[in-house]
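I opened my notebook to go through this fold piece by piece. Here is what I looked up, in the order I got to it.

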Amino acid sequence: MKKAEEKTNAVRLLEQKKIVFSTHTYEGVVSGTDVAAALGQDPAHVYKTLVTVGKSGGHYVFLVPVAEELDLKRAADAVGEKYVEMLKAKDLLPLTGYIHGGCSPIGMKKFFPTVIDAGVGKHETILFSGGRIGLQIETSPAELARVIPYKTADLCR
């Protein structure tokens with residue numbers, strides 16, 4: 001990372017837990033598929049972090065490949081809710097400490113139940129937001145599980 005090794009909460013937490021990971025930086029793109037292209041990665045290997053709220057009022061985090069769309073019904077089933085809906089962008093920063101486009105599943109203000117699309121098992125490593133726009137973290141699903149407990153489910157349409 002440039003800029004005097006500017007660290008995010010996600011990077012600090014990975015270092016504290018001695019997780020094996022690497023970082024990738026990019027500039028000038030926002031959409032997940034554009035991020036994958038900018039990093040020379042297959043979009044199936046790059047995951048986006050989506051925060052939802054359930055009928056009960058509980059919050060949930062879902063990771064799906066950037067070119068895929070979260071199926072809200074499957075997501076609700078995965079967390080035992082009648083339904084879930086996407087969290088409004090204005091509520092993201094106060095709830096998680098991250099902004100839209102830079103939301104990492106690691107280092108949120110509070111831990112929320114997390115589900116990753118079942119396709120994650122096909123990859124030795126995955127990339128996901130490092131806690132700010134322009135930063136991606138790459139680690140194995142096993143290493144990620146050492147930092148945040150998660151389950152897997154079929155989440156995409």
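Predicted model: local features only at pLDDT ≥ 70, side-chain atom pairs only at ≥ 80, totals over all residues.

Entry 1: I began with Cys-103, which counts as buried at 6% relative accessibility; buried means under 20% relative accessible area, exposed over 50% and partly exposed in between, with a 1.4 Å probe and protein chains only. Residues are numbered from 1 along each chain as its sequence is written, and side-chain values use heavy atoms, with hydrogens and water left out.

How many disulfides does a search of the whole structure find? I got 0, taking a disulfide as a pair of cysteine sulfur atoms within 2.5 Å. Cys-103 is in none, and the nearest cysteine sulfur, that of Cys-156, is 17 Å away. Cys-156 is likewise in no disulfide, and at 11% relative accessibility Cys-156 counts as buried.

**Entry 2: the overall fold.** I found 5 helices and 8 strands; these are DSSP runs numbered from the N terminus, helices being H or I of at least four residues and strands E of at least two. From the N terminus on, the elements run α-β-α-β-β-α-β-α-β-β-β-α-β. The C-alpha trace spans about 45 × 30 × 30 Å along its principal axes. Of the 157 residues, 47% count as buried.

I also checked contacts, meaning heavy atoms within 4.5 Å. Among those between residues at least 6 apart in sequence, 63% join residues at least 24 apart.

**Entry 3: the cores.** Next I looked at nonpolar cores, which are sets of buried Ala, Val, Leu, Ile, Met, Phe, Trp, Tyr and Cys residues joined through side-chain atoms within 4.5 Å. The largest has 24 residues, and Tyr-47, Val-51, Ile-106, Met-108, Phe-128 and Leu-144 touch the most other members. At least two residues of this core come from each of α1 (9–16), β2 (47–54), β3 (59–65), β6 (126–129), β7 (135–139) and α5 (141–147). The most is given by α1, with 3 residues.

I then followed Phe-128: leaving aside residues up to four places away in sequence, its contacts include Tyr-47, Leu-63, Ile-106, Ile-137 and Leu-144. Apart from this core lies another one of 14 residues, among them Tyr-60, Val-64, Leu-70 and Leu-155.

**Entry 4: helix α3.** Which residues of α3 (72–79) are buried? I noted Ala-75, Ala-76, Ala-78 and Val-79. They cover an arc of only 160° around the axis, so they sit on the same side of α3; the arc is that of the directions from the helix axis to the C-beta atoms. The buried residues of α3 pack against β3, β4 (84–86), β5 (114–117) and β8 (150–153).

At the N-terminal end, Asp-71 caps α3, with a side-chain oxygen 3.0 Å from the backbone nitrogen of Lys-73. After α3 comes Gly-80, whose phi is positive, near 75°.

**Entry 5: Glu-143.** My last stop was Glu-143, which is in helix α5. Is this residue buried or exposed? Glu-143 is buried, with a relative accessible area of 15%. A polar atom of the Glu-143 side chain lies 2.7 Å from the backbone nitrogen of Val-20. Not counting residues up to four places away in sequence, Glu-143 touches Lys-18, Ile-19 and Val-20.

Terms used: Polar contact = N/O pair within 3.5 Å; in protein donor to acceptor, adjacent residues only side chain to side chain.
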